[in-house]
Structures are given as C-alpha cells and as structure tokens.
Amino acid sequence: MTLKEIEASKKDYLIPTDVAPLLGCDPYTINIQVRKDKAAGRNSFPFPTILLGNRVKIPRLAFLRAMKGE
C-alpha cells in the first residue's frame, strides 16, 4: 500500500504486508523483528506493534503519525 492508500483506508489495524513497501523491507522481516522485540520487552519501530499469536498488527493512525514525523 502507498501512504495515500493507508490514509484513505478505514482499517483500524495494518498488517506487515501493508507497511513493508513503505519501510523498504520484506513483511517477514517485520514479523521476525516484532517477535524478537516482544520477547526482549522492547519495540524497535517508531510506532506501536501488537503480536496476537503469530499475527502482527499495527495501529493505522499511529503508523501514519510516525511516517509523517509527528
């Protein structure tokens, strides 16, 4: 997805395949990093991440704020 598509989206949460192109990485890389972060009690991303079982969710509005530098 592009930033404009994410802005226009009505979804509350994004998934790694939505944001990976904007971060310049593979969605799998995001999944692995979130799992490592949760195990270590930290967050490497400038936006919150949620791990539900094996699923990674990213709050859309927080992601947008981070991408805009807010």
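How many salt bridges does the count come to by the rule used here? The count comes to three, where a salt bridge is a side-chain nitrogen of Lys or Arg within 4 Å of a carboxyl oxygen of Asp or Glu. Welcome to a predicted model, in which local features need pLDDT of at least 70, side-chain atom pairs count only at pLDDT 80 or more, and totals for chains, interfaces and linings use all residues. Residues are numbered from 1 along each chain as its sequence is written, and side-chain values use heavy atoms, with hydrogens and water left out.

**View 1. An open sheet of three strands runs in the order β1-β3-β2 with antiparallel pairing.** Strands are DSSP E runs of at least two residues and helices are H or I runs of at least four, numbered from the N terminus; two strands pair if DSSP finds at least two bridges between them. The edge strands, β1 (13-14) and β2 (50-52), each pair on one side only. β1 joins β3 (residues 55-59) over two bridges, and Y13 stands opposite P59 in β3.

**View 2. K68 and E7 form a salt bridge, with their closest N and O atoms 2.8 Å apart.** K68 lies in the segment after α4 and E7 in helix α1 (residues 3-8), so the pair ties together parts that are 61 residues apart in sequence. K68 is partly exposed at 46% relative accessibility (buried means under 20%, exposed over 50%, partly exposed in between; 1.4 Å probe, protein chains only).

**View 3. D37 and R42 meet through their side chains in a salt bridge (3.3 Å, N to O).** D37 is buried at 0%, while R42 is partly exposed at 47%.
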